[in-house]
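This report describes a protein model, with attention to its charged pairs, its domain interface and selected residues. The sequence and structure are shown first.

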Amino acid sequence: MTETLDIKITKTAHSRLNETDFNNLPFGKVFSDHMLVADYADGEWKNFEILPYGPIQMSPAISALHYGQAFFEGIKAYKHDDGTVSIFRPDKNAIRFNKSAERLCMPTLPEEVFIQSIAALVDIDRDWVPAKADHAMYIRPFMFATDPYLGVTPSATYKFIVLVSPVGPYFSKPLRVKIETHYTRAAEGGMGYAKAAGNYGASMLPGRKATEEGFDQLIWTDAKEHKYVEEMGAANAMFVLDGTLITAETKDTILDGVTRDTVIALAKDWDIPVEERKVSVEELVEGAKSGKLTDAFGAGTAATIAPVGSFCVDGTEYFLSDPATREFSQKVFTTLNAIKYGTAPDPHGWNYIV
Ligand SMILES: *Cc1c(COP(=O)(O)O)cnc(C)c1O
């Protein structure tokens, strides 16, 4: 433990809490009263400040805008029945935050500083954490380069900002998914494992094409052969095939998801075999045909556990069982929620109480 982080706090004079419709929370559009901002300059992090949420002034030459030295994290805080607010596994995000920073030649943040920053902001805006089933407060920490310099070189200055946003459920129905065999999200040696802003910009055209074709999401395949499934949008793709939980192993093309890790831990608790390995499109097709593919879902903080209703490979669509009847993903969803909302014990110590 480091000593308590020194944060300057300026509270808003006009809370927007009472004007906010908590029955209508489109993802990522509603922000709380405050944000946290810190600066990196002269080789150190400084000026940690919580202030009213609002626009910030920047030079139009900042290198984040031109060369994409920018990345983010996504975490959720939950409200328990007794009013307790907990953040789910922020220690894992702190580690991944620094992996992204290193890949993009950006400064790291001590894990304890990362966690204390988000906890301080969640604490100040704790009344913004929705007290409703399947609702949460989405926490968006991010960092970007702020040198006003057009040379292609790592910036010497950065901003770290945390925003928090109350959210409802992300996907409401089983997903119709396209297995993408033309475009590539990440290649070996690239930065797929980082939550780099540019990865998501690059995914938008293939994503829009899939939407225009009537799909909800796409599942990326490997860059070399397009034979092995990798990830699904901003979620890891997980399957139950012949009683075994299978998912792509984490490597430089795969984002090491906290939800993925959590699902694997639960499967192990339940003595369900787990294989982290290459998962071929072919075996999924075979599994769909034979009925041995009993579960398929995306796992991510924003999407939680998002069932795949059908997947399409080069024009042929394969339909899976009704998600309501799927034993594994239903049990994961229920158990995970019970832990997050404090209605079940938390044997792994995943909840960070604010
Ligand atoms: C954020 C993200 C995930 C899910 O990670 P979680 O830590 O579970 O939220 C998976 N894949 C990609 C590409 C992502 O951006």
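His-226 lies in the loop between β10 (217–221) and β11; helices (H or I, at least four residues) and strands (E, at least two) are DSSP runs, numbered from the N terminus. The model is a predicted one, in which local features need pLDDT of at least 70 and side-chain atom pairs count only at pLDDT 80 or more, while totals for chains, interfaces and linings use all residues. Residues are numbered from 1 along each chain as its sequence is written, and side-chain values use heavy atoms, with hydrogens and water left out.

Phi of His-226 is near 55 degrees, a positive value in a residue other than glycine. Most residues other than glycine have a negative phi. With a relative accessible area of 18%, His-226 is buried; the term buried means under 20% relative accessible area, exposed means over 50%, and partly exposed covers the range in between (1.4 Å probe, protein chains only). In the salt bridge between Lys-227 and Glu-225, the closest N and O atoms are 3.5 Å apart. Lys-227 is partly exposed, at a relative accessible area of 45%, and Glu-225 is also partly exposed, at 43%.

## Salt bridges

A search of the whole structure finds 20 salt bridges, a salt bridge being a side-chain nitrogen of Lys or Arg within 4 Å of a carboxyl oxygen of Asp or Glu. One of them joins the side chains of Glu-49 and Lys-8, at 3.7 Å from N to O. This pair links distant parts of the chain, since Glu-49 belongs to strand β3 (residues 44–52) and Lys-8 to strand β1 (residues 8–9), 41 residues apart. Glu-49 is partly exposed, with a relative accessible area of 23%, whereas Lys-8 counts as exposed at 52%.

A salt bridge of 2.9 Å, N to O, is formed by the side chains of Glu-231 and Arg-185. Here too, distant parts of the chain are linked: Glu-231 is in strand β11 (residues 228–232) and Arg-185 is in the loop between β9 (175–179) and α4 (197–212), 46 residues apart. Glu-231 is buried at 3% relative accessible area, and Arg-185 likewise counts as buried at 12%. Elsewhere, a network of salt bridges links Asp-42, Glu-44 and Lys-46.

## Domain interface

The protein chain is divided into domain 1 (8–169) and domain 2 (175–340), with bounds that come from an automatic or database domain assignment. Their centres, taken over C-alpha atoms, are separated by 27 Å. The size of an interface is often given as the accessible area lost when the parts come together. Between domain 1 and domain 2 the buried area is about 1,900 Å², of which carbon and sulfur atoms give 59%; buried area is the accessible area (1.4 Å probe) that two parts lose on being put together, summed over both.

Across this interface, 3 salt bridges are found. There are 14 residue pairs in polar contact between the domains (both at pLDDT 80 or more); a polar contact is a pair of N or O atoms within 3.5 Å, where within protein one must be able to donate a hydrogen and the other to accept it, and residues adjacent in sequence count only if both atoms are side-chain atoms.

Arg-89 is placed in the loop between β6 and α2. Its phi is near 50 degrees, a positive value in a residue other than glycine. Arg-89 is buried, with a relative accessible area of 9%, and its side chain meets that of Asp-261 in a salt bridge of 2.9 Å, N to O.

Lys-159 is in strand β8 (residues 158–167) and is buried, with a relative accessible area of 15%. The side chain of Lys-159 makes a polar contact of 2.6 Å with the side chain of Asp-39. Not counting residues up to four places away in sequence, the residues that Lys-159 touches include Val-37, Trp-45, Met-58 and Phe-142.

Notes
Contact = heavy atoms within 4.5 Å.
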